[in-house]
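Subject: Structure handover

Dear colleague,

Here is the structure for you to look through. My notes on what was found follow below.

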Amino acid sequence: MHEGYLFMSLLRSIEEQTKPFQPCRITKVVLLVGEYSGIDFDYLKAVVETFKEGSVLEDAEVHLKRDPLRVYCPSCGVETTNHEAKACCPLCKSFDVEIRGGLELILASLEVERDEDGTDNH
Ligand SMILES: [Zn+2]
């Protein structure tokens, strides 16, 4: 249950980040799922749908986006996106590359709505 664990730690970090804005409602979350992270995109999506009920994400729209693998090749001197999710340079096929993206699950954006706490009612 790697994806389940990931989601739980994500929830914790969302709770941490929204603490200063409490009370608030999370309305939108964008997650980038690294294509080279070993995370099963569709499975994670299913996990999110299953576990968001009753969590801080209950009212939120959760968008999952694929974050392609990005590699920097020192021989070519360029950073490229390897859509085949292989850790090599798509131009010269060298494996001597630096991975610059697509390795993890990233909380790309978080939108919250503050509860006005009835200030207009008085
Ligand atoms: Zn190259």
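This is a predicted model. I start with the metal. The zinc ion is coordinated at 2.3 Å by four SG atoms, those of Cys-73, Cys-76, Cys-89 and Cys-92. Angles among the four donor atoms run from 108 to 112 degrees, and the site is tetrahedral. For reference, the ideal angle for four tetrahedral donors is 109.5 degrees.

Along the sequence, the donor residues follow the spacing C-x2-C-x12-C-x2-C. Cys-76 sits in the loop between strand E3 (69–73) and strand E4 (78–82), and Cys-92 in the loop between E4 and strand E5 (98–101), so this pair ties together parts that are 16 residues apart in sequence. Cys-76 counts as partly exposed, at 32% relative accessibility. Cys-92 is partly exposed as well, with a relative accessible area of 37%.

Next, the nonpolar cores. The largest has 20 residues, of which Leu-31, Leu-57, Leu-64 and Leu-105 touch the most other members. Two or more residues each come from helix H1 (2–18), strand E1 (24–34), helix H2 (41–51), strand E2 (61–67) and strand E6 (105–114). H1 gives the largest share, five residues.

Which residues does Leu-105 contact, leaving aside its neighbours within four places in sequence? They are Leu-6, Leu-10, Leu-31, Leu-32, Val-33, Ile-39 and Leu-44.

There is also a second, separate core of five residues, among them Leu-69, Val-71, Cys-73 and Val-97.

Regards

Conventions: Residues are numbered from 1 along each chain as its sequence is written. This is a predicted model: local features need pLDDT of at least 70, side-chain atom pairs count only at pLDDT 80 or more; totals for chains, interfaces and linings use all residues. Side-chain values use heavy atoms; hydrogens and water are left out. Donors are N, O and S atoms within 2.8 Å of the metal (3.2 Å for Na, K and Ca); water is not among the atoms, so sites may look incomplete. Four donors count as tetrahedral if all angles lie between 85 and 135 degrees; four count as square planar and six as octahedral if opposite donors are over 155 degrees apart and all others between 65 and 115; anything else is irregular. Helices (H or I, at least four residues) and strands (E, at least two) are DSSP runs, numbered from the N terminus. Buried means under 20% relative accessible area, exposed over 50%, partly exposed in between (1.4 Å probe, protein chains only). A nonpolar core is a set of buried Ala, Val, Leu, Ile, Met, Phe, Trp, Tyr and Cys residues joined through side-chain atoms within 4.5 Å. Contact means heavy atoms within 4.5 Å.
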